[in-house]
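Open the model in your viewer and keep the selection panel at hand.

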Amino acid sequence: MKRKQLGGLIARNLRVYFSDPTGVILSLLGAMIVVFLYILFLSNMQVDSIVAEYPTLPRETAENLMNTWLMAGASAIAAATTGLGAMITFVTDRATKRFDDFLVSPISRSMLTLGYMLVAIVISAVMTTVVFGFGVAYCFATGADLAWVDIGMAFVALLFCAISFSAIFGFVGSLLKTTGAFSSTSVVVGTALGFFAGVYLPVGVFSTSIGNIVSILPFAQGAALVRNFFMNETIEEIAVLSPVAADSLNKYLGVSLSVASHDLSFGLIAIILGGFAVVFTCLMWLAISRKVR
């Protein structure tokens, strides 16, 4: 019975979300705008800076490095923005009082929470796959050397980010009462995430204190996890030419993160992201159970 109820909730919420094509497209814009702006205006500047700093690196290698860096970061942003976008269904249900119908039904609030949460994860995974697919195609088209194993592992890392970020923004969405508040929150989040994930600017550009704040947040950590795999071939190519340059660029570009001189291993990052998923799923359940009236 519970499985049937959950399946019905998931199917209903997916239909509601994808019934608005404009909203679906807009949920992708946060990540795609970053990609296009970077390609059009910032790419050459970043590549010139790296080539000037490390003259032994071929320009083509520097271009491949920045392309893979950007696409991995943009995909991580998409996992967050689309996870928040999926919560429009809950906010609309709450604003239009449709949620009241659920409250008088035999469906438990924990089941309702799970229905919204799983849909957010599914939507985040689907939309992130679109952005990631574009990123892989673009990197191949521009000559980047990507191993299929690394692509697969980067995609698994993205799915892990989709789960964690959907939980975080599922909780954020569960606190919003109107579609106007949701729209404003989406704009703020979409803009801020580019900095928090180290996509607008590399983490190495920030001061030590700001760099520590960015590195301790799950968004930069998720991006680092994806970049570790997606940039692997290019970083190894650089390491052959200059191990010092490879290590320095890993830190500058936010592939290797540290907080107060303590390095964050990728195993630790995975544990942190898993912890965020559990904690914020519970907080979302509490918000829906106790605050929705």
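Select Arg-12. This is a predicted model. Arg-12 has a relative accessible area of 18%, and the cut-off for buried is under 20%, so Arg-12 counts as buried. Its place is in helix H1, residues 2–18.

Which residues is Arg-12 in contact with, leaving aside its neighbours within four places in sequence? Select Thr-89, Asp-93, Arg-98, Phe-102 and Tyr-116.

**Stop two: the largest pocket**

Clear the selection and turn to the largest pocket. It holds about 640 Å³ of space. To centre the view, pick Gly-23, Leu-26, Ser-27, Phe-182 and Ser-186; of the 25 lining residues, these are the closest to the centre of the largest pocket.

Next, colour by helix. H1, the helix of Arg-12, supplies at least two residues of this lining. So do helix H2 (21–53), helix H3 (59–85), helix H4 (88–95) and helix H8 (179–196). Which helix gives the largest share of the lining of the largest pocket? Highlight H2: 8 residues come from there.

Switch to colouring by residue type. The lining of the largest pocket divides into 13 nonpolar, 11 polar and 1 charged.

**Stop three: the second largest pocket**

Move to the second largest pocket, with about 280 Å³ of space. Its lining has 15 residues. Select Val-203, Thr-208, Gly-211, Asn-212 and Ser-258, which lie nearest the centre of this pocket.

Helix H9 (208–216) and strand E1 (257–259) are the elements that give two or more residues to the lining of the second largest pocket. H9 gives the most, with 4 residues.

Keep the colouring by residue type. How does the lining of the second largest pocket divide? There are 4 nonpolar, 9 polar and 2 charged residues.

**Last stop: the cavity**

A search of the whole structure finds 1 cavity of 30 Å³ or more. About 30 Å³ of space lies in the largest cavity.

Select its lining: Ala-76, Ile-77, Ala-80, Phe-165, Leu-193, Ala-197 and Phe-219. H3 provides the largest share of this lining, 3 residues. H3 also supplies at least two residues of the lining of the largest pocket.

Check the colours once more. The lining of the largest cavity has 7 nonpolar residues, no polar and no charged.

Conventions
Residues are numbered from 1 along each chain as its sequence is written. This is a predicted model: local features need pLDDT of at least 70, side-chain atom pairs count only at pLDDT 80 or more; totals for chains, interfaces and linings use all residues. Side-chain values use heavy atoms; hydrogens and water are left out. Buried means under 20% relative accessible area, exposed over 50%, partly exposed in between (1.4 Å probe, protein chains only). Contact means heavy atoms within 4.5 Å. On a 1 Å grid over the protein atoms alone, a cavity is a set of points where a 1.4 Å probe fits but cannot get out, and a pocket is an open set with protein on both sides within 12 Å along at least five of seven lines; lining residues have an atom within 4 Å of a point. Grid points are joined across faces, edges and corners, and a volume is the space filled by probe spheres set on the points. Ala, Val, Leu, Ile, Met, Phe, Trp, Tyr, Cys and Pro count as nonpolar, Asp, Glu, Lys and Arg as charged, and the others, Gly among them, as polar.
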